[in-house]
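Trainee: Please pick a single part of this model and give me a close look at it. Keep it brisk, and link each point to the next.

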Amino acid sequence: MASGVIGGGVGLVSKHRKVHGLANISATYATNVAIVTGCYCVAREFVRETRKSDPDDLFNSAIAGFCSGALLGRLQGGPVGAARYSVIFAIAGTTLDYVTIKLKTGLGHWTQSTSEEKNKSWLKLPDWSPIQVLDEEALAAKQAREKQLYAQRTLGKLNKEES
């Protein structure tokens, strides 16, 4: 999904948008980037499962980039395109995964601290709100009242049926 949005954004600033039309070129770029991203991600997960390795192993990214680049390059530009695209995809995919791993560890502390703050005061309702969080005693009293009302309703229905 994100790759389609990125491809569409690249289409918006493309120099070919005047010739082919803004909508057509944006859709073309979005489709191409989504296809490339899909092929790379499928190849990376296939390599990870085949090698039985960790998700953060960069060797998976290099192999997947090489294979998906070779496949898509062969379709696009023949044997020369396969060699060129395989190297480009291997370098770009491995770099992207390396940056993602570094950002994940760097932002991990930040997201953990923000989630702890959310858990402490996740949902505080004001005192005047009709919705109140009940403690155990108030909850038990409420359930007892509900049972009593249910019994009265069922007895009322039985009395109406008998009459």
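Mentor: Start with F89, which is buried at 14% relative accessible area. Buried means under 20%, exposed means over 50%, and partly exposed lies in between, with a 1.4 Å probe and protein chains only as cover. The model is predicted, so to speak of a local feature takes pLDDT of at least 70 and to count a side-chain atom pair takes 80 or more, while totals use all residues. Residues are numbered from 1 along each chain, and side-chain values use heavy atoms, without hydrogens or water.

Now place the residue. F89 sits in helix α4, which spans residues 58-120. Helices are DSSP runs of H or I with at least four residues; strands are runs of E with at least two; numbering starts at the N terminus. The protein has five helices and zero strands. Its order from the N terminus is α-α-α-α-α.

What does F89 touch, leaving out residues up to four places away in sequence? The list is V36, G65, S68, G69, L72 and T94. Touching means a contact, with heavy atoms within 4.5 Å. Look also at Y40. Y40 is 49 residues from F89 along the chain, yet their C-alpha atoms are separated by 8.3 Å. For the whole protein, take contacts between residues at least 6 apart in sequence: 38% of them join residues at least 24 apart.

Next, the ring of F89. The structure holds one aromatic pair. Y85 and F89 form this pair, edge-to-face, with 6.1 Å centre to centre and 65° between the planes. Ring centres must lie within 6.5 Å; planes under 30 degrees apart are stacked, over 60 edge-to-face, the rest tilted. Why are Y85 and F89 about one helical turn apart? Because they are four residues apart in helix α4.

Last, the cysteines. The structure holds zero disulfides. Such a bond needs two cysteine sulfur atoms within 2.5 Å. Take C39 as a case. The closest cysteine sulfur to that of C39 is in C41, 9.6 Å away, so the two are too far apart for a bond. C39 is partly exposed, at 26% relative accessible area. C67 is partly exposed too, at 40%.

Conventions
Rings of Phe, Tyr and Trp (its six-membered ring) pair if their centres lie within 6.5 Å; planes under 30 degrees apart count as stacked, over 60 as edge-to-face and the rest as tilted.
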